Amino acid sequence: MTDPIADFLTRIRNAQMAKHKVVEIPASNLKKNMTKILFEKGYILNYKFEDNDTQGIIKIALKYNSETKQPVIKKLQRVSTPGLRIYKNATELPRVLNGLGIAIISTSVGVLTDKEARSKNVGGEILCYVY
């Protein structure tokens with residue numbers, strides 16, 4: 001697999017379009033950190049890390065609007081790719097939908113949202129936009 005982060009986002013996107021309640025994704029430390037951010041910001045209902053002998057699995061319970069049955073996540077967009085890495089410093093970090101969405105950034109102090117990275121004054125690789 002050349003781009004595991006794009007695979008992570010695509011699995012969530014496809015599961016939401018198929019109206020699944022739970023999606024299973026092969027685990028990595030970066031994907032675990034991204035999952036924690038999605039949970040903290042209210043984009044997913046819950047998550048569980050299952051470690052088996054080799055890689056492990058992330059089980060994500062997807063969140064839908066109770067009235068309209070539409071997914072809470074409207075768009076998952078990959079920004080930095082293996083062929084074109086996008087790095088920004090703290091002053092150049094993007095605001096997604098004027099602060100309504102989040103950008104997930106891989107920094108030297110860990111995986112953060114754009115707001116957390118701005119407050120800590122660190123830049124890094126912009127992994128994806130979520131709104």
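Modeller: Start with the term. Rings of Phe, Tyr and Trp (its six-membered ring) pair if their centres lie within 6.5 Å; planes under 30 degrees apart count as stacked, over 60 as edge-to-face and the rest as tilted. A pair of aromatic rings is described by the distance of the centres and the angle of the planes.

Now the ground rules. The model is predicted: local features need pLDDT of at least 70, side-chain atom pairs count only at pLDDT 80 or more, and totals for chains, interfaces and linings use all residues. Residues are numbered from 1 along each chain as its sequence is written, and side-chain values use heavy atoms, with hydrogens and water left out.

Here is the cluster. Phe39, Tyr47 and Phe49 form one aromatic cluster. A search of the whole structure finds two aromatic pairs. In one, Phe39 and Tyr47 have ring centres 5.3 Å apart and planes at 75 degrees, so this pair is edge-to-face. The pair of Tyr47 and Phe49 is tilted, with 5.0 Å from centre to centre and 40 degrees between the planes.

Phe39 is partly exposed, because its relative accessibility is 33%. Tyr47 has 25%, so Tyr47 is partly exposed. Phe49 has 26% and therefore counts as partly exposed.

Lys32 lies over the face of Phe49, 5.4 Å from the ring centre. Such a charge needs NZ of Lys or CZ of Arg within 6 Å of the ring centre and within 35 degrees of the ring normal.

Next, the sheet. Helices (H or I, at least four residues) and strands (E, at least two) are DSSP runs, numbered from the N terminus. Two strands pair if DSSP finds at least two bridges between them. An open sheet of three strands has the order β1-β3-β2, with antiparallel pairing. Its edge strands are β1 and β2 (44-50), each pairing on one side only. On average, neighbouring strands of this sheet are turned by 20 degrees against each other, direction ignored. Six bridges link β2 and β3 in the antiparallel sense. Tyr47 stands opposite Ile60 in β3.

Contact means heavy atoms within 4.5 Å. Axes are lines fitted to C-alpha atoms, for helices over the stretch in contact, and angles run from 0 to 180 degrees between N-to-C directions. α2 lies across β1, β2 and β3, at about 155 degrees to β2. α1 packs on the sheet, touching β1 and β3, and its direction makes about 165 degrees with that of β1.

Last, the core. A nonpolar core is a set of buried Ala, Val, Leu, Ile, Met, Phe, Trp, Tyr and Cys residues joined through side-chain atoms within 4.5 Å. The largest has 24 residues, and Ile60 is among those that touch the most other members, a group including Phe8, Ile12, Met34 and Leu38. Elements giving two or more residues to this core include α1 (4-17), β1 (22-26), α2 (29-40) and β3 (57-62). α1 gives the most, with five residues. Leaving aside residues up to four places away in sequence, Leu38 touches Phe8, Ile12, Tyr43, Ile44, Ile104 and Val130.

Conventions
Buried < 20%, exposed > 50% of the residue type's maximum accessible area, 1.4 Å probe, protein only.
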